[in-house]
Structures are given as structure tokens and as C-alpha cells.
Amino acid sequence: MAAYWSSRQDSCVMEVMIHSSTFLLPTNSSDTHPSLTYALILLNQRLPRFAPLLWNHAQLRVCADGGANRVYDDFPQLLPHEDASHVRNRYKPDLIKGDMDSIRTEVLDFYASLGTKVIDESQDQDTTDLHKCVAYIRDFTPNLEKSNLCILVAGALGGRFDHEAGNLNVLFQFSAMRIILLSDDCLIHLLPKTHRHEIYIQSSVEGPHCGLIPIGMPSGRTSTTGLQWDLDDAEMRFGGLVSSSNIAKGEKITVTSDSDLLWTISIKK
Ligand SMILES: Nc1ncnc2c1ncn2[C@@H]1O[C@H](COP(=O)(O)OP(=O)(O)OP(=O)(O)O)[C@@H](O)[C@H]1O
Ligand SMILES: Cc1ncc(C[n+]2csc(CCO)c2C)c(N)n1
């Protein structure tokens, strides 16, 4: 969940962006902050074990091409105490979109027969299936600005590095949208330089290992509070300082930077 507040305590007025991984909790408690609306994109990579939880939190569920195979194959395994065909009928994606070179015919036919919308964009060989799905959500969310939308991306890490890099690139291509990449082990999202950031740690499900990564461009000045190795107007760059293997000390982390940074935190087993 997240929200924006204006702060006049600093010399320059910069809005605050709140981050809190309440979507990893069984009930999506919104604490004291206004809550977000979630969309879930499922990719063609091993889905996190908590994918059914993300599904339940989401109001829109989209499969990127072969991501539909994962829902079809993996959801019954993630819910072993339920009947497999019952699970397949219940976990029906709203949309399958991509260049359709990975989805199996039986899977496509199954979900099409249940009424899932299918968009074949095989003519576009210049953007990834994840990009195609995010673009759809951006273009078809009513009142996008006011919707407090957050896109959760399941199965974004592990496997082929070109895919992982492409998935990270989507965070920068859609930097005005809230997008969170998820695997079994960690989550990753962008901290835009336009805001100062307050990250509220859900210590029952995430942390303490975390990182702040300057991908794309160096950061001349980054400051943090709440980390074991805090940064104080520090310069970060690839080839220089990158904050990996840091530790979230308390319940609240703050970050300000003159560059967009990636924030990552471990997810507990
Ligand atoms: N090994 C992987 N690691 C991380 N993400 C992956 C991996 N494989 C697939 N994905 C993600 O799942 C999406 C759908 O993948 P799929 O295998 O259906 O199609 P693809 O043809 O390999 O990918 P694309 O068409 O996007 O290049 C990809 O766009 C990517 O975001
Ligand atoms: C410079 C360059 N490199 C790779 C591709 C190929 N490509 C990029 S995204 C994608 C997936 C389509 O679903 C494919 C095949 C390209 N077009 N341009």
C-alpha cells in the first residue's frame, strides 16, 4: 500500500511516497495509510509460493503469454489440498496478452472457454510480454492517476538474465507507475527521485536483508535512515558504491536521492 503526503519540514517541498508490503500479509490491512488497488501480472517463470495470496489481493489478473501455463500448472501444486480442476476453474485470468509463442494450445483453449480475454500481439517483436501487459493496464485503467494502482509482477526473477534485465527495464520504462517485481526470495521496485521515500517494513514477512541499487545512472547524493549501513549524501554508481547486503534495522526506512534507485528487500521463507 502507499500514499502521497506533502511535507514542508524540509527546505524544499518534496512529496513523500509511502511503501509497505501489506500485500504479503494474509489480510491486506491498510494500517493508517490509504490503501492501494492491486493488479497482478503473472510471468512465465517459477511463481512465488504466495502467488495465490497475491491473486486474492488483486482486482485484475493478467497473464503474460506463457504466464498462463504457470497458472494452469503451478496453482494446483501451490494448493495441494484442493481438487486440481476446481483450482483451475477458480483461478481464471482476466486477460492473457503477449506474442503467444509460449502459451500451450490446451491452456489457451481452456481459459478462452472460461471467458478470459486474449490479446495476441505477435506482430510486436520489439517489446516484451511484460511490457505489453503493463501498457494494457496503463491504457485501460479508468482514472489511472487517482486509482492508487500498484502492479505486482509474479515470477519476475530467476532463470534467464536477459529476461530479468528486461523485467527491471520495465520499471524504468513505466517509472510513473508503481510496479513491484516479486520472486520467492525478494521484491524489487523503483524509488523515483521526485519523492522522498518512507518504507515501512513488514518484519513478519520481509527483511532484514535489503539493497539500494543505482541502475541506469549514478546517484550523486543519496541519504537514508533506518539501515545498518546508512548513506549520508553518498555517491553511488555501478563500478563504485552499490548498497547490497544492507540490513533494515527498524520498522521505518527513509531514502532521498537525486537519482532513481532500485529498492530490494528479502522475503522471508
Ligand atoms: N527466465 C525468466 N526469468 C524472468 N522472467 C521471465 C523468464 N521467462 C519469462 N519471463 C517473463 O515472462 C514473460 C513471458 O515469457 P514467455 O516465455 O511467455 O515469452 P518469451 O517469448 O520468452 O518472452 P518475450 O516475448 O517477452 O521475450 C516475459 O516477457 C518475461 O517478462
Ligand atoms: C535490439 C533488439 N534486440 C532484441 C529484439 C527482440 N525482441 C525484443 S522483445 C522481444 C519479445 C517479443 O515478445 C523480442 C523478440 C529486438 N526487437 N530488438
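Which residue stands opposite Ile-247 in E14? In this predicted model, where local features need pLDDT of at least 70, side-chain atom pairs count only at pLDDT 80 or more, and totals for chains, interfaces and linings use all residues, that residue is His-209. Residues are numbered from 1 along each chain as its sequence is written, while chains are lettered from A and ligands numbered from 1 in the order in which they are written.

**The sheet**
- Ten strands form an open sheet with mixed pairing, in the order E6-E5-E4-E3-E7-E8-E9-E16-E11-E14, where strands (E, at least two residues) and helices (H or I, at least four) are DSSP runs numbered from the N terminus, and two strands pair if DSSP finds at least two bridges between them.
- Strand E6 (117-120) and strand E14 (243-247) stand at the edges with a single partner strand each, so one side of each is left without a neighbour in the sheet.
- Strand E11 (residues 206-213) pairs with E14 in the antiparallel sense over three bridges.

**Helix H2**
- In helix H2 (residues 67-78), the buried residues include Val-71, Tyr-72 and Phe-75, a residue being buried if 20 or more other C-beta atoms, placed from the backbone, lie within 10 Å of its own.
- The buried residues of H2 pack against several elements, among them helix H1 (51-57) and helix H4 (105-114), with contact meaning that the C-beta atoms of two residues, placed from the backbone, lie within 7 Å.

**The domains**
- The domain assignment, which is automatic or from a database, gives domain 1 (1-35 + 185-269) and domain 2 (36-184).
- The contact takes 19 residues from domain 1 and 20 residues from domain 2.

Definitions and conventions: Buried ≥ 20, exposed ≤ 12 C-beta atoms within 10 Å, placed from the backbone.
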